[in-house]
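User: I am new to this structure and would like to know what stands behind the terms used for it. Please take me through them one at a time.

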Amino acid sequence: MVTETLKAETRKFNFFYGDNHALKNVDLPVAERRVTALIGPSGCGKSTLLRSFNRMHDLYPGNRYEGEIRLYPDDVNLVSPEVDPIEIRMRISMVFQKPNPFPKTIFENVAYGLMVRGEKRRSVLEEKVEEALRGAALWEEVKDRLDDLAFNLSGGQQQRLCIARALASDPEIILFDEPTSALDPIATASIEELIAEIKEKVTILIVTHNMQQAARISDYTAFMYLGELVEFGRTDELFVRPRKKQTEDYITGRFG
Amino acid sequence: MVTETLKAETRKFNFFYGDNHALKNVDLPVAERRVTALIGPSGCGKSTLLRSFNRMHDLYPGNRYEGEIRLYPDDVNLVSPEVDPIEIRMRISMVFQKPNPFPKTIFENVAYGLMVRGEKRRSVLEEKVEEALRGAALWEEVKDRLDDLAFNLSGGQQQRLCIARALASDPEIILFDEPTSALDPIATASIEELIAEIKEKVTILIVTHNMQQAARISDYTAFMYLGELVEFGRTDELFVRPRKKQTEDYITGRFG
Amino acid sequence: MTTTDTGGSGSFSSPYLDRIRTMRHVRNGKERVIEAILFVAAFCAVAVTVAIVAILLYEASTFFEHVSLVEFLTGTEWTPLFERARYGMLPLLVGTVVTSAIAFLVAGPLGFLIAMYLSEFAPPKLAEVLKPFLELLAGVPTIVYGYFALLFVTPLLQKLIPGLPGFNMLSAGLVMGLMIVPYVASIAEDAMRAVPMALREGSYAMGATRFQTAMWVVLPASFSGVMAAFVLGISRAVGETMIVAIAAGQQPNFTFDPREPAATITAYIVQVAMGDLPHGSIGYQSIFAVGLVLVVITLFFNLIGQMLRRRIREVY
Amino acid sequence: MAETQGPRLRTIIARNQRWDLIIGTIGLLATTVGVLVLMLLFVDLVIDGWQRLTPDFFLNFPSRRPEEAGILSAWVGSALVMVVTAFTAVPLGVAAAIYLEEYAPKNWITELIEINVTNLAAVPSIIYGLLALGLFVYILGFGHSILTAGLTLGLMILPIVIVATREALRAIPVAIREAAYALGATRWQVVSDHLVPYASGGIYTGVIIGLSRAIGETAPVITIGALTFIAFLPPIPFTGDPPAGPFDWLFSPFTVLPIQMFNWLSRPQTAFHVNAAATGIVIIVATLLMNGIAIWLRSRIRSKLKW
Amino acid sequence: QQKIVTIDGSSTVYPVTEAVAEEYQKMKKGTVKVTVGISGTGGGFKKFCRGETDISGASRPILKSEMEVCRQAGIEYIELPVAYDAITVVINPKNTWAEEMTVAELKKMWEPSAQGVVDNWKKVSERFPDHPLKLAGPGADSGTFDYFTEAIVGKSKSSRGDFMASEDDNVIVQFVSRDVGALGFFGMAYYMENKDKVKAVKIKKDENSPAIAPSVETVNNGSYQPLSRPVFIYVSAKAAQEKPEVREFVEFYLQHAAKLSREVGYVDLPSQAYELAMENFKAMRTGTAFGGVPDVGLKVEELLQREKHL
Ligand SMILES: Nc1ncnc2c1ncn2[C@@H]1O[C@H](COP(=O)(O)OP(=O)(O)OP(=O)(O)O)[C@@H](O)[C@H]1O
Ligand SMILES: Nc1ncnc2c1ncn2[C@@H]1O[C@H](COP(=O)(O)OP(=O)(O)OP(=O)(O)O)[C@@H](O)[C@H]1O
Ligand SMILES: [Mg+2]
Ligand SMILES: [Mg+2]
Ligand SMILES: O=P([O-])([O-])[O-]
């Protein structure tokens with residue numbers, strides 16, 4: 001076992017949708033520049049946990065965080081009400097299940113994060129957009145049509161565009177919520193490759209319902225069930241030697 | 001090896017959603033008073049095939065059946081335009097993925113199939129409703145609140161109510177389209193038990209995306225892929241010794 | 001492998017099956033009769049339109065036997081009931097355009113802001129409280145608005161603009177604008193709500209503020225719907241009658257100055273209708289002729305509005 | 001170790017959020033302008049007219065003496081006209097909506113009907129007045145009667161009823177329809193046993209909103225020539241002797257609230273303007289009440305029938 | 001069978017008729033129903049001659065064209081004067097220059113050739129200041145309009161069209177009260193009720209006659225000329241014969257017209273005029289005393305005695 005730098009961790013983290021206690025005392029470490037996968041049956045709270053990391057739940061009324069999610073190196077509790085959710089979202093980006101490009105051009109989509117930060121210099125934008133598109137392995141395909149509407153791309157391209165969008169603003173963590181479940185196998189493979197590449201630079205937290213995928217791309221895996229974190233460990237160990245009965249049942253397909 | 005009575009079978013059955021050729025030359029036998037399960041990856045045509053059995057597709061324009069689905073013992077082609085779809089639906093009931101009780105009382109829900117048949121005698125209705133609710137293992141739970149709205153039941157109870165509703169009109173076949181996928185494990189178990197019981201009386205065709213479930217409850221299993229019936233056989237044989245590579249890949253979780 | 005055979009007993013003969021079969025024709029017959037009745041009801045909508053168009057065209061056609069279309073469309077004097085009859089409807093048209101434009105200048109920005117506020121900024125609880133109030137505003141009878149424009153808004157305006165006549169297009173237009181604000185706001189808000197949450201989340205996840213999300217993501221995505229709201233709002237204003245009849249004065253006046261009194265197409269129709277309608281006279285026919293113009297204008301705006309609305313529905 | 005971007009971002013965010021505050025405030029103000037106007041309008045009317053709102057005002061006929069004048073014939077007239085309006089618009093509108101939503105095949109006829117309905121909703125009310133004048137008054141010879149007014153307003157609110165009914169029908173999940181069909185129900189059984197009952201809340205809402213619109217409508221009623229002094233009530237419906245008797249109320253002269261208001265507003269004496277304001281209060285309260293009921297009904301349906 | 005008396009017509013006569021209808025229905029305890037519409041004199045005659053109404057209010061005598069329509073439809077009528085009115089020309093209270101005007105000056109403002117031309121007081125007369133002129137008056141279906149144009153321009157209905165025309169006299173009050181340069185006209189009752197908002201113009205028949213303000217006295221003594229006029233009701237002879245309630249209503253009308261017309265702001269006729277009218281009615285003397293051309297400045301007693309023609 002190697003020693004990892006901790007990028008973030010949840011501590012006795014609880015989450016409530018109104019009265020619905022969706023996450024219970026979750027303690028999850030997130031290692032820097034590693035891929036951490038969240039697996040578990042439908043409704044176990046994977047997305048809920050993931051979305052807590054960039055305060056997405058703040059957008060809807062009645063939601064409540066309890067406990068802490070600490071972000072390093074500055075060691076703030078990112079769910080504390082004193083912390084500005086916008087700052088958190090600028091530092092922690094997210095890629096969603098269904099590709100959701102904005103109804104704008106490819107260029108504007110990728111530049112969006114920078115424009116939000118008030119960046120207006122065309123040269124900076126162009127440079128960053130190219131860098132991000134290259135990072136998302138999309139540059140070659142779109143470099144001649146940056147002013148086309150993003151809607152005209154295929155599903156897989158759109159998802160890579162969303163990744164480029166997330167990359168462009170140099171986030172510290174990128175959250176992926178089942179990023180390939182709406183894509184065909186070929187597009188899926190290209191996204192997986194991409195994740196393997198970008199983890200060189202960014203910390204990644206990914207939800208997936210596909211255990212093969214988790215096994216393929218992640219360094220660490222957390223298995224959740226009914227809102228609790230049942231087991232966490234190195235992916236290679238967890239899939240081969242699960243310590244808990246529930247984990248074993250799940251990864252062998254006995255339920256879920 | 002037992003001899004089975006054939007309750008229905010599809011012969012070179014094709015189905016089209018407009019131009020979308022969703023089912024291709026499907027030949028599926030359905031044994032009387034047995035459970036036949038349809039499995040296969042999402043979008044392979046399981047629901048489409050199931051819904052053809054009670055002419056649900058007639059409700060929407062542009063759909064087309066080709067080939068035959070023969071219903072025994074009277075040996076009619078139930079998708080022929082001469083055959084009254086209403087008669088077919090009265091003989092072949094359906095239970096859906098999400099419980100869909102009518103926003104009426106429990107009693108009215110169960111009695112509806114009989115009322116549609118013109119049955120108005122209160123005594124007959126009461127008798128049949130009780131019988132059906134007993135058959136769906138729901139009688140004890142609801143007998144004192146037959147006039148409550150069905151919406152007040154839990155998800156699992158609602159699904160059993162829908163089964164009772166289907167049972168009440170003595171159908172020859174009941175079609176189940178992923179009847180437990182919206183339910184929790186406990187409710188799922190109770191529905192599975194129920195299916196095991198009612199197959200004493202009724203022929204059952206069930207779609208499920210959960211292979212364990214198919215293995216547990218069905219006598220025969222059909223594996224479909226891309227609109228074709230890839231493999232059909234006794235459940236115990238098909239899961240242990242699949243003859244086709246695709247089937248094996250699917251049931252071992254290598255894709256889907 | 002299993003061997004199968006067909007036939008055998010089976011629970012096939014349901015006690016109701018015979019009845020179902022024998023009733024098939026009766027049932028189908030009844031179903032067909034019901035469908036026919038329902039179709040006739042639906043066709044009534046077409047019948048009403050046909051009746052409207054037929055009546056308007058019929059009366060207007062006799063009107064145009066006396067009046068040349070060129071004079072009607074280009075003349076700047078409208079005095080059909082007087083000794084020196086002039087049939088140039090431009091004054092009415094201009095009155096309609098000016099009052100509608102003022103109304104739009106009020107309702108467009110206000111409706112847009114309200115829609116954006118309710119859909120993107122307001123806490124959901126507050127939005128739920130505010131919205132019914134807006135809907136109530138849309139429910140107030142227009143004659144009450146007319147009263148309000150004449151006896152409240154105009155005196156108020158006269159304090160601000162010295163020399164403002166007691167009847168003027170400004171006051172009528174302003175009040176009419178207030179009246180259609182809820183209408184514009186609700187269509188625009190519908191359009192903004194139709195923008196999937198996923199797009200908003202995508203934007204917020206980049207660290208955008210509400211304003212940035214609203215302007216850069218929600219607005220472009222709902223653009224055609226917002227345009228539809230504007231167009232349909234204008235169409236409403238063009239067809240509004242009592243407010244302009246009461247507060248704008250009823251004198252056909254060829255002027256673009258909103259401080260002047262003027263008659264609109266609708267005001268002219270009620271004005272004539274308030275006296276008697278000498279059936280068959282040219283005055284009677286003239287209201288149908290201008291009515292026809294009114295229908296054409298509102299129809300035009302409405303078709304554009306519907307088209308824009310449909311477009312946003314198609315995208316999401 | 002990645003350095004933290006925190007402090008640099010915070011200044012950017014502070015700048016960005018200024019706009020949130022500005023637009024949020026303007027938006028709130030704009031929204032309250034609507035509410036304020038409503039209040040102003042109402043307060044203005046109430047100040048002018050509240051003193052006339054005595055029981056006598058509702059029980060007296062109009063009179064040349066403003067302080068004795070009342071709105072008995074007007075509100076009774078409005079009520080009777082609304083009965084005809086409802087009887088015109090509800091069956092036609094609901095049936096048309098059912099056809100379009102549940103029966104209509106996709107062809108050019110239904111397409112035509114569809115386009116028609118949306119456009120009818122945008123036809124100015126005064127045009128319905130012209131239709132009524134040409135068709136009901138002169139061609140069909142119904143005269144300036146309750147029947148003419150009721151039919152006119154009924155046609156006018158027809159699109160409102162159709163649209164509301166269609167929306168209510170559309171809100172019913174396909175699963176409910178399929179459940180009923182799967183039990184062997186015919187189309188009409190599905191419609192009458194399920195869809196109409198489940199949509200009824202939405203239909204009521206639409207009808208009430210339509211009627212509240214009709215009750216305050218002035219222009220088309222003026223157009224059919226109903227600006228009249230009426231100091232009596234129409235025959236009590238369904239009491240007269242057959243053959244014409246039970247329905248002679250339909251052909252009775254009448255007046256309605258907005259017309260009475262308009263009539264008083266055009267009198268020279270300011271005392272009558274007070275009456276007009278009082279009538280305005282009655283109309284506005286009636287329409288607001290109906291709208292309120294509709295809004296309440298809708299929110300209740302939404303919370304009760306969560307599919 | 002319900003008993004209904006249907007009345008329509010002049011908005012000037014309306015207040016009197018409304019008052020009579022109200023009292024009459026009170027007396028009959030609701031057994032007879034009376035409807036009173038407001039379509040203007042011309043509109044009223046159109047309905048009357050189609051046989052739609054029993055009685056028509058008129059603020060001017062029936063015209064030749066209307067007589068013709070009635071004759072063709074076989075409608076005979078009895079002409080009954082019921083009160084005096086003085087058409088009052090009003091200006092804004094702040095208007096200090098036009099408190100007195102001659103008929104010629106009014107003509108200059110209102111004649112058809114003024115349309116689009118005379119838009120400033122200065123253009124009417126040199127003695128007026130340079131101030132925009134805004135006109136308002138009753139609409140083309142109004143008897144007041146007909147009488148005013150007859151009396152001022154010299155030919156009935158002959159007027160410019162570019163003024164603010166409204167069947168609703170209150171709108172005219174509003175119009176004039178809010179614009180210093182405005183001028184309008186309507187029945188005296190409206191002026192009496194709005195003395196605080198508008199000012200009545202004293203009318204000079206010609207340069208040399210005295211300026212006369214409208215009032216009960218000047219109407220009664222015949223000095224408010226040419227704008228004093230009698231107002232009438234026309235009763236369908238057929239209705240009067242066939243419907244007892246119509247007969248009864250008209251008799252009631254003539255008995256109470258004096259008191260009620262005073263009450264609503266008009267000038268009542270001399271009492272023997274009502275007696276003569278009652279006589280004419282009882283005798284069913286049909287026809288009009290005017291040849292279909294309005295006579296300006298006629299005494300009522302005179303016309304009641306006149307030969308009638310249909
Ligand atoms: N907005 C919400 N309001 C209330 N409860 C919610 C909400 N969203 C999710 N939940 C509930 O919270 C629990 C966790 O949901 P979550 O979406 O996190 O599950 P998940 O593990 O992501 O499942 P899936 O694999 O289906 O996406 C579930 O029981 C769900 O029903
Ligand atoms: N109404 C429709 N119109 C056109 N195509 C349809 C329609 N419904 C389904 N399809 C297509 O037909 C194919 C079979 O769909 P079907 O719903 O039968 O799949 P399924 O095996 O039931 O999948 P799932 O497990 O997701 O329910 C799919 O490609 C689907 O996209
Ligand atoms: Mg999820
Ligand atoms: Mg399916
Ligand atoms: O309504 P008038 O009296 O002016 O005809």
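Analyst: What follows is a set of questions and answers on a predicted model.

User: How do you know that Cys49(E) and Cys70(E) form a disulfide?

Analyst: A disulfide is called when two cysteine sulfur atoms lie within 2.5 Å. The sulfur atoms of Cys49(E) and Cys70(E) are 2.0 Å apart, and the pair is a disulfide. By this rule the count over all chains is one disulfide. The pair links distant parts of the chain: Cys49(E) belongs to helix α2 (residues 40–49) of chain E and Cys70(E) to helix α3 (residues 64–73) of chain E, 21 residues apart.

User: Why is the disulfide of Cys49(E) and Cys70(E) called left-handed?

Analyst: The torsion about its S-S bond is about -75°, so the disulfide of Cys49(E) and Cys70(E) is left-handed.

User: What makes helix α8 of chain D short of a straight helix?

Analyst: The expected span is 1.5 Å times one less than the number of residues. Helix α8 (residues 187–215) of chain D has 29 residues, and a straight helix would reach 42 Å. The end C-alpha atoms of α8(D) are only 36 Å apart, which falls short of that span. There is also a bend in α8(D), of about 55°, at Ser200(D). The bend is the angle between axes fitted to the seven residues ending at a residue and the seven starting there.

User: Why are β7 and β11 of chain B called edge strands?

Analyst: The open sheet in question has six strands in the order β7-β8-β9-β4-β10-β11 (chain B), and its pairing is mixed. β7 (92–95) and β11 (228–234) of chain B each have a single partner strand, so one side of each is left without a neighbour in the sheet. From one strand to the next, the twist averages 20°.

User: How do you know that β10 and β11 of chain B pair?

Analyst: Two strands pair if DSSP finds at least two bridges between them. Strand β10 (residues 220–225) of chain B and β11(B) have six bridges and run in the antiparallel sense.

User: What lies across β7 and β8 of chain B?

Analyst: Helix α6 (residues 155–168) of chain B lies across β7 and β8 (173–177) of chain B, at about 175° to β7(B). Angles here run from 0 to 180 degrees between N-to-C directions.

User: Which strands stand at the edges of the five-strand sheet in chain E?

Analyst: That open sheet has the order β8-β7-β9-β5-β10 (chain E), with mixed pairing. β8 (164–165) and β10 (199–200) of chain E are its edge strands, as each pairs on one side only. Strand β7 (residues 134–137) of chain E runs parallel to β8(E) and is joined to it by two bridges. The bridge partner of Ala136(E) in β8(E) is Met164(E).

User: Why does Ala137(A) stand out?

Analyst: Most residues other than glycine have a negative phi. Ala137(A) is not a glycine, yet its phi is positive, about 55°. Ala137(A) sits in the loop between α4 (122–135) and α5 (139–142) of chain A.

User: Which peptide bonds are cis in Tyr72(A)–Pro73(A) and Tyr72(B)–Pro73(B), and what is omega?

Analyst: Most peptide bonds are trans. The bond from Tyr72(A) to Pro73(A) is cis, with omega near 10°, and the bond joining Tyr72(B) and Pro73(B) is cis, with omega about 5°. Pro73(A) is in the loop between β5 (63–71) and β6 (76–77) of chain A. Pro73(B) is in the loop between β5 (63–71) and β6 (76–77) of chain B.

User: How do you know that no contact joins chain A and chain E?

Analyst: Contact means heavy atoms within 4.5 Å. No contact joins chains A and E, and their closest C-alpha atoms lie 53 Å apart. For chains B and E there is likewise no contact, with closest C-alpha atoms 49 Å apart. Among the eight pairs of chains that touch, chains C and D have the most contacts.

Conventions. Residues are numbered from 1 along each chain as its sequence is written. Chains are lettered from A and ligands numbered from 1 in the order in which they are written. This is a predicted model: local features need pLDDT of at least 70, side-chain atom pairs count only at pLDDT 80 or more; totals for chains, interfaces and linings use all residues. Side-chain values use heavy atoms; hydrogens and water are left out. Helices (H or I, at least four residues) and strands (E, at least two) are DSSP runs, numbered from the N terminus.
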